[in-house]
Amino acid sequence: MTTETFDRVTWPIRTERLTIRPATSEDLRGIFEVRTLPEVGQWMPDRPTSYPEFVMRFGELGVLARTLVLELDGALIGDLYLHVTDAWAQADVAAQAGQEAEIGWCLSPAHQGNGYVSEAAAELVRICFEDLAARRVTAAAFADNVPSLAIMRRLGMRQESRGVRDSLHRERGWIDGVVFALLADEWRESRA
Amino acid sequence: MTLDRISWPLRTDRLTVRPATVEDLDALGRIQNLPEVVTWLPSSAGTQADYLLRMGQHSLLPRTLAVELDSVVIGELYLHVTSGWAQREVADGARDCEAEIGWGFDPAHQGHGYATEAAAELVRACFQDLGVRRITAGAFADNDRSVRIMERLGMRQETRGIRTTLHRSGHWVDNTVHALLADEWRGADRPAAGARA
């Protein structure tokens with residue numbers, strides 16, 4: 001359960017420059033304003049045209065409980081996505097399979113180019129592996145979303161999937177989608 | 001999603017493919033519970049009742065096609081039509097445009113190309129009769145036999161997930177997803193209608 005997911009971590013978490021904490025309904029206006037900027041919105045799964053529509057969509061998908069806020073000096077500059085699911089397993093060993101986490105990010109263009117997302121996402125990966133004991137972390141994107149793919153690589157993630165023309169973009173039509181992944185033991189090894 | 005747009009049964013040189021019915025479940029359950037088959041399935045081996053429970057729990061009968069050789073059921077095909085991934089505003093353009101396919105055959109009948117023959121006809125029906133734009137098939141990466149069938153169908157590997165899946169052997173194993181787009185399939189060199197009697 002996602003609410004329980006966030007309960008398993010002690011918030012807020014601070015990195016060198018940023019604060020990460022679970023989003024509340026009070027943050028939705030700020031998140032909306034970032035996500036509806038064209039540079040950001042072009043890669044998002046939906047593009048709500050009004051604030052009420054955006055909030056209702058959050059409710060419909062239950063994503064508030066999967067959303068973390070990124071703060072710089074007390075100001076909201078973006079958000080992180082964290083969704084914990086059961087790992088794949090054959091039915092008779094499913095109880096031993098543990099969990100994996102899908103992560104994502106979104107940053108106000110005004111703050112891009114300073115490494116904030118990499119800094120926050122690296123901490124998010126640590127949270128997944130150390131605090132939540134996930135065994136695998138994944139992130140998905142449109143293949144053309146170059147800045148996002150660069151972050152995945154910086155996090156040490158490997159590309160596992162490139163779907164050829166498998167994702168329908170509202171302006172670009174059918175384009176490629178990618179999935180990157182990182183296993184807990186790979187992550188530990190890279191830090192050793 | 002209705003499969004009515006396919007004129008059943010499908011016939012190939014040697015095989016007949018049609019939607020499975022309750023009468024087929026004895027034969028299909030027996031095949032699925034064979035050790036050589038179940039080792040590659042998401043499910044556990046079990047009794048016939050376990051098999052039927054699973055078919056009910058996941059509503060699998062409408063996605064199951066029976067494959068007959070001389071009127072004997074020798075295996076099954078899986079066909080699940082889904083929507084493609086799309087941004088929300090253009091989701092209508094991706095509705096019911098993909099098919100996930102799969103297969104499971106009685107090991108007693110393996111080695112004759114039956115699965116490839118039946119699956120090739122299913123791919124044709126998906127693209128020509130259902131009008132999907134993309135077909136996918138997933139497997140454990142070690143399931144060589146199944147991966148070879150995907151390759152013979154002209155599918156490309158799009159995903160290799162490293163140690164993504166816990167096998168009942170206790171090992172974390174790789175998974176693969178292969179895909180084929182309608183325009184790739186149309187452009188491919190295929191033996192002309194060889195599988196269509």
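This is a predicted model: local features need pLDDT of at least 70, side-chain atom pairs count only at pLDDT 80 or more; totals for chains, interfaces and linings use all residues.
Which residue in β4(B) is the bridge partner of Thr64(B)?

**Figure 1. Strands β2, β3 and β4 of chain B pair in the antiparallel sense.** Tyr78(B), in β4(B), is the bridge partner of Thr64(B). Between β3(B) and strand β4 (residues 72-82) of chain B there are 6 bridges, in the antiparallel sense. The two strands form a hairpin with 2 residues between them. In the turn, Asp70(B) has a positive phi of about 50 degrees. Strand β3 (residues 64-69) of chain B also pairs with strand β2 (residues 15-19) of chain B, again in the antiparallel sense, over 5 bridges. Here Arg18(B) stands opposite Ala66(B). In a regular strand, side chains alternate between the two faces of the sheet.

Figure 2. Helix α1 spans residues 25-32 of chain B, and its buried residues are Leu28(B), Ile31(B) and Gln32(B). An α-helix has 3.6 residues a turn, so residues three or four places apart point the same way. The elements that cover the buried residues of α1(B) include α2 (35-38), α3, β3, β4 and β6 (98-105) of chain B.

**Figure 3. The largest nonpolar core has 41 residues.** Those with the most contacts inside this core are Leu80(A), Ile103(A), Ala120(A), Ala121(A), Leu124(A), Val125(A) and Cys128(A). At least two residues of the core come from each of α2 (28-35), β3 (67-72), β4 (75-86), β6 (99-107), α5 (116-131), β7 (136-142), α6 (146-154) and β9 (173-183) of chain A. The largest share, 9 residues, is supplied by α5(A). A second, separate core has 40 residues, among them Phe105(B), Phe127(B), Met150(B) and Leu153(B).

**Figure 4. Val125(A) and its contacts beyond neighbours in sequence.** Val125(A) is one of the residues with the most contacts inside the largest nonpolar core. When its neighbours within four places in sequence are left aside, Val125(A) is in contact with Val137(A), Leu155(A), Leu182(A) and Trp187(A).

**Figure 5. Chain B meets chain A through 27 residues.** These residues of chain B are in contact with 27 residues of chain A. On the side of chain B that touches chain A, two or more residues are given by each of β5 (85-86), β8 (156-166) and β9 (172-181) of chain B. The most come from β8(B), with 9 residues. By class, the residues on this side of chain B divide into 10 nonpolar, 10 polar and 7 charged.

**Figure 6. A strand of chain A pairs with β8(B).** Strand β5 (residues 88-89) of chain A and β8(B) pair in the parallel sense, over 2 bridges. Thr165(B), in β8(B), is the bridge partner of Trp88(A).

**Figure 7. Two residues of chain B have a positive phi although they are not glycines.** For Ser59(B) the phi is about 50 degrees. Ser59(B) is placed in the loop between α3 (48-57) and β3 of chain B. Ser59(B) counts as exposed because it has 8 C-beta neighbours inside 10 Å. For Arg163(B) the phi is about 45 degrees. Arg163(B) is found in strand β8 of chain B. With 17 C-beta neighbours inside 10 Å, Arg163(B) counts as partly exposed.

Figure 8. Pro12(A) is in the loop between α1 (2-7) and β1 (13-14) of chain A. Pro9(B) lies in the segment before β1 (10-11) of chain B.

**Figure 9. The fold of chain B, with 6 helices and 9 strands.** The C-alpha trace of chain B spans about 45 × 40 × 30 Å along its principal axes. A compact globule of 197 residues would have a radius of gyration near 16 Å, and the 17 Å of chain B agrees with this. Of the 197 residues in chain B, 36% are buried. Among the contacts in chain B with a separation of 6 or more, 61% are between residues 24 or more positions apart.

Terms used. Residues are numbered from 1 along each chain as its sequence is written. Chains are lettered from A and ligands numbered from 1 in the order in which they are written. A nonpolar core is a set of buried Ala, Val, Leu, Ile, Met, Phe, Trp, Tyr and Cys residues joined through C-beta atoms within 7 Å. A residue is buried if 20 or more other C-beta atoms lie within 10 Å of its own, exposed if 12 or fewer, and partly exposed in between; C-beta atoms are placed from the backbone. Helices (H or I, at least four residues) and strands (E, at least two) are DSSP runs, numbered from the N terminus. Two residues are in contact if their C-beta atoms, placed from the backbone, lie within 7 Å. Two strands pair if DSSP finds at least two bridges between them. Ala, Val, Leu, Ile, Met, Phe, Trp, Tyr, Cys and Pro count as nonpolar, Asp, Glu, Lys and Arg as charged, and the others, Gly among them, as polar. The radius of gyration is taken over C-alpha atoms; the globule rule is 2.2 Å times the number of residues to the power 0.38.
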